Amino acid sequence: MTAHDSSVPVKKRQPISTGSEWTFELIGAYDREIGRLAERYALDTYPIQIEVITAEQMMDAYASVGMPLGYHHWSYGKHFLSTEKNYKRGQMGLAYEIVINSDPCIAYLMEENTMCMQALVIAHACYGHNSFFKGNYLFRTWTDASSIVDYLVFAKQYIMKCEERHGIDAVEDLLDSCHALMNYGVDRYKRPDPISAEEEQRRQKEREEHLQKQINDLWRTIPKGAGKRGEQDNKRFPSEPQENILYFLEKHAPLLEPWQREVIRIVRKIAQYFYPQRQTQVMNEGWACFWHYTLMNDLYDEGLVTDGFMMEFLQSHTSVIYQPPFDSPYYSGINPYTLGFAMYRDIRRICEEPTEEDKHWFPDIAGSDWLTTLKFAMSSFKDESFILQYLSPKVIRDLKLFSILDDDQKDELLVPAIHDEPGYQNIRETLAAQYNLGNREPNIQIWSIDRRGDRSLTLRHQQHDRKPLGNSTDEVLKHLHRLWGFDIHLETLQGDKLIDTQHVPPKGDSDHDGDYPRLDLVIPPI
Amino acid sequence: MSHVIDRRLNGKNKSTVNRQRFLRRYRDHIKKAVEEAVSRRSITDMEHGEQISIPGRDIDEPVFHHGRGGKQTIVHPGNKEFVTGERIPRPPGGGGGRGAGKASNTGEGMDEFVFQITQEEFLDFMFEDLELPNLVKRHLTGADTFKTVRAGISNEGNPSRINIVRTLRSAHARRIALSGSSRTKLKEAQLELERLKREEPDNFGDIQALELEVGKLQARIKRVPFLDTFDLKYNLLVKQPNPSSKAVMFCLMDVSGSMTQATKDIAKRFFILLYLFLKRNYDKIDVVFIRHHTSAKEVDEEEFFYSRETGGTIVSSALKLMQEIMAERYPTNEWNIYGAQASDGDNWNDDSPICRDILMKQIMPFVQYFTYVEITPREHQALWFEYEQVSEAFDDTFAQQQLVSAGDIYPVFRELFQRRLAT
C-alpha cells in the first residue's frame, strides 16, 4: 500500500483517530504529528494559521481569487456566481484547501471535509505550499509575505474611498481597464521594492503631488530654447521599449488624475504579487503533493493512522494527480499536479536508486542526497527552467509525452517527437517552452509616444512563429485608449518587418471618437 | 506552532457586494431575462428565483492572448500509436483531442454564462420602475397618524417634560453670571473688614460702614433666584406623520356564467401579481374577495376562484358591497385601499351607469388606485365605455386595460403601474 519499504516492523497500531469525523482537538493532534514528521525533513515554513470555514465561505474565498480580502469588483461577483452554480449543481467539488502566501501562512480547511481530508490538507498546504512560498527564489524576490495582508487592506480601503468620492462607475471603468492589462503590469526582470502598507499610505500623498508634476513636465510644450529643441524632439520616448504597460501608464499617461494613477498602481502591485504563482504552478503543486504523499505515508508507517484512513487518502491522492490522456473527453492540458509530483518523485528516485540512464542524463544528482537535491530544485527554479533541468526520460515515458506541431500553412499535423531516445531532449525543451510565460503571452511592449504631435501611443507586438493575436485584442486596446486618453496604435512585427497595424480609434474614423470609452477627463493646463 | 481558528461563525457573505456589482453591471440582460421568464412561467409560482443566462462574450474580460494559427508546438500526454515524424490529418475545426489544450486558454468563446438569482432579486427586477401611483403622495400628505419623536431641547413645554439636568445647569450658569460682580465686591469688602479689625480695631466708623456694605452685598447675592422661569428647559417632542403601512386590496370578479375557468385563471394571475406587488410595499395587507353575478358576496379565496355560479351580471352589486366594507372596516386614515376588478365585460346594460356613479362618488375619492381589467377578445360593451368616463375624471388613480391571454398580463400590469411622478 505504501511506496515505502515496509521493512519497518509494523508495531501495534495506535491511530490518532479512527472515525471520519474531525474535531478541533484532532486537527491539533494531527498537525502536531505532521509537524513533527516535517521537522525530520527540515522543512522551513512560515508559522501556520489554520482556519476552519464553511463551504459558503470557501466559495467566497474562491471568488476573491485567493486573496484573503480584495477590493470590490463585478468580476469577482461573476467568479462567485459561476463557482456557486457549479457547486450547487454538484458539477464541481470545492477545492479541499486554499492557502495564502502570507506570514503567518493562512490555510483554509472546509468543515465538510473528513478527518482524513483535513490531515491531507494540513500536510499539503501548511507544510508543502508553505515551505515552497518561503523557499522558492521567485517568491523570496518578488513577494513580501509579511505585508501582503496589510497592503490588501490598504488597497481595499483606498478603492472604497475612491468610490465614495468619484462614484462606483468611474472606479469600475478604471478597474476594468486595468484588469485588461493586468498581465502587462509586472516587472519581469527588475526586482520591485517590497510593499508595506504603512509606507504606502505615508508616501501616497507625496507621490500624488510629485507624479503630477513630472507628467506635466513630460508634456511641456513651452519651447525651452530655440537651439536645443530639434535634437530633443527627435529622441524617441521611452528610449527603451517598456514591457510594464501599467507602470508606464501610471507614470506617463497625460490625462489621469492622481487617484487614478494610484488605482493603477494597486492593480499593478497585486499582479506582481501573483506573478510568481503563475510561473511556478507545476513546481508548487508538485512540491505540495510530494510532501503530503510523503508525510501521510510516514504517518501510516508509524502506525498513527488506520488502514481505512490510508485508503481514503490514496483515493483522493490518485484523483488529484490523475492525468487524462490527450484523447479523453476530460482532457484539458497537462495536469500540473501530475507533472510536478511525478518529477519530484523521480528526482528522489534518481538520487536513491539511479539507473545507467539517469547517470548519463543527470550525472550531478544521481546518487546524491535526495533531500538536499530536492530542496535545491524547489528553491532555485521556475516551471520553465525546472522542466528544462529535471524532466527525466522516465517521466516522459511514464506520461507517454509526445509533441504535435500545428502549422496553419500545412494541411497536416506533424509529430516531431515522442517518448523515445531521440525525442527526449526535444520533448523536454518543448514542454519547458510551453511553461514560459513569455511564450504564452504575446510579446507586446510600449514602443513610443508622440510627445509633440497628437500624443498617440504606439505599441509593438513582436510576433513569434506567426502566432496571431486573439480576438479580444481590439477590446484591450479600447481599454488602453481609455487610460491613455489619446490614439493607440498597435504594430505587429515579424522580425523587423511590419506586417499589421491596428488603431483605436480606427483610422479615418475620427468622427466617431465619442464612441470610445474614456474616463471623464479633466485636461490639465499644459 | 500552528494556530487553529474556527472561522465558521464569521459572515459567509463576503461576496455579496461583488455579486451585487455583477447584477448591477448586467442589469439590462437580467431584466430582459426576467421579463421573458415572467411571461413564460405561471405567476402562482413566484416562490423561487430564476436562472439567467448571458452570452459569454458579453461578460468576457478581454486580455491580450494568442489566437489560433501560426506555428504552435504542444506537448500532450498519453501517446498510444503515434511515431516520430508521423503526419496526422488535421481534426475538423481544430477540435478533438488536439485542440483541447489550446481551447483552455483562448477562453470560453460563445458559451453562455448561466447563474441563479434569488426570488427576492427576481421580484426586484420584475417590479423595477413600477411604483404604485400616489404612493409617495400618500406617504407625504395623506398620512393621518403620527408618532412623536424627540427633537432636542426647547424653552417651552409641558412641566412633565422638564429636563432637570439642563435646567439646573442653566440656572447655575445664570446665578454665576448675575452674582459675579457682587461677589467680587463682597470678597474685597470682607478682606478690608478683616484688615481693619486686625489693624485698626478702634476705627468703628469704617468697620460699621463696611459691615453694612457686606450685609447689603450678601442680601443682593441672596436675591438672585435659585431657579428662574427662563432656566427651565424641556425635552422637545415633535409629531411626525406616520405613513400608513397597511393596505387592503379588494378583488372584484364576475363569476357569472359567461366567465370561463380560463378567464378566471387569467384574472387570478393578475390579482396575484398585484398582491405580490403590494406585499413589497406594505407591512400588512388584507385581501377582500368579492364575487358577484346578480348579487355580490364576500368569500374566501378558494371559493372566489373555483366555485361556479350561473346567472346574469350586475356589476354594481359588487361595487356597493365594496363600498360598504370599506366604510365599515377600513377607515381611510389607517388603510391604503386598492381595488382591482376583473370581468369579461358583460353587464346588464342599465346597470353600467350605476356602476359609474358608485365608483365616482363613493369609491374613487377614498382609494389609492383602482384597476379594471377586461378579459375578453371581443368588442367592448357598455361597462367599458362608462368606465372611460371614470378614467377621465380620475386620471391618475383609475386605470382600465384589456387582456386577451395570460401573456398579456405582465405588459398590462406594467402599463397600469407605470411609475408616475407624485403629482
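## Cis peptide bonds in chain A

A:Pro104 sits in the loop that links β2 (97-100) to β3 (105-110) of chain A. In this predicted model, the peptide bond from A:Asp103 to A:Pro104 is cis. Its omega is near 0°.

Another cis bond joins A:Val504 and A:Pro505, with omega about -10°. A:Pro505 belongs to the segment that follows β9 of chain A. Most peptide bonds are trans.

## Positive phi values

Most residues other than glycine have a negative phi. A:Lys400 has a positive phi, near 50°. This lysine lies in the loop between α18 (393-399) and β4 of chain A. A:Lys400 has 17 other C-beta atoms within 10 Å, so it counts as partly exposed. The cut-offs are 20 or more for buried and 12 or fewer for exposed.

A:Arg455 is not a glycine either, yet its phi is positive, about 65°. Its loop runs between β6 and β7 of chain A. A:Arg455 counts as partly exposed because it has 16 C-beta neighbours inside 10 Å.

## Chain A overall

Chain A holds 21 helices and 9 strands. Of its 526 residues, 42% are buried. Take the contacts in chain A with a separation of 6 or more: 74% of them are between residues 24 or more positions apart.

## Helices of chain A

Helix α4 (residues 115-135) of chain A has 21 residues. From first C-alpha to last, α4(A) reaches 28 Å, close to the 30 Å expected at 1.5 Å a residue. Is this helix mostly covered or mostly open? Mostly covered: 19 of the 21 residues of α4(A) are buried.

Helices α14 (residues 336-352) and α16 (residues 370-379) of chain A pack at about 145°. Their axes are 9 Å apart. The crossing of α14(A) and α16(A) is right-handed. On the α14(A) side, the contact uses A:Tyr344, A:Ile347, A:Arg348, A:Cys351 and A:Glu352. On the α16(A) side, it uses A:Trp370, A:Thr373, A:Leu374 and A:Ala377. By class, this contact has 6 nonpolar, 1 polar and 2 charged residues. An α-helix has 3.6 residues a turn, so residues three or four places apart point the same way.

## The four-stranded sheet of chain A

In chain A, 4 strands form an open sheet in the order β6-β7-β8-β9, with mixed pairing. Neighbouring strands are turned by 25° against each other on average, direction ignored.

Strand β8 (residues 488-494) of chain A runs antiparallel to β9(A), and 7 bridges join them. Within this pair, A:Leu490 has A:Gln502 as its bridge partner in β9(A). Helix α21 (residues 473-484) of chain A packs on the sheet. It touches β7 (457-462), β8 and β9 of chain A, and its direction makes about 60° with that of β9(A).

## Where the chains meet

How many residues of chain A are in contact with chain B? There are 81, and they touch 56 residues of chain B. Helix α3 (residues 74-89) of chain A gives the most to the chain A side, with 9 residues. By class, that side has 37 nonpolar, 24 polar and 20 charged residues.

Strand pairing also crosses between the chains. Strand β4 (residues 402-407) of chain A pairs with strand β3 (residues 71-76) of chain B in the antiparallel sense, over 6 bridges. One bridge partner in β3(B) is B:Lys71, which faces A:Asp407.

Chain B has 14 helices and 13 strands. Buried residues account for 28% of its 423 residues. Among contacts in chain B between residues at least 6 apart in sequence, 84% join residues at least 24 apart.

In chain B, 6 strands form an open sheet of mixed pairing, ordered β10-β9-β8-β11-β12-β13. The edges are β10 (296-299) and β13 (398-403) of chain B. Strand β11 (residues 335-343) and strand β12 (residues 369-375) of chain B pair in the parallel sense over 6 bridges. B:Gln341 stands opposite B:Tyr372 in β12(B). Helix α13 (residues 382-393) of chain B lies across β12 and β13 of chain B, at about 145° to β13(B).

Key. Residues are numbered from 1 along each chain as its sequence is written. Chains are lettered from A and ligands numbered from 1 in the order in which they are written. This is a predicted model: local features need pLDDT of at least 70, side-chain atom pairs count only at pLDDT 80 or more; totals for chains, interfaces and linings use all residues. Axes are lines fitted to C-alpha atoms, for helices over the stretch in contact, and angles run from 0 to 180 degrees between N-to-C directions. Helices (H or I, at least four residues) and strands (E, at least two) are DSSP runs, numbered from the N terminus. A crossing is left-handed if the near helix is turned anticlockwise from the far one by less than a right angle, and right-handed if clockwise. Two residues are in contact if their C-beta atoms, placed from the backbone, lie within 7 Å. Ala, Val, Leu, Ile, Met, Phe, Trp, Tyr, Cys and Pro count as nonpolar, Asp, Glu, Lys and Arg as charged, and the others, Gly among them, as polar. Two strands pair if DSSP finds at least two bridges between them. The expected span of a helix is 1.5 Å times one less than its number of residues.
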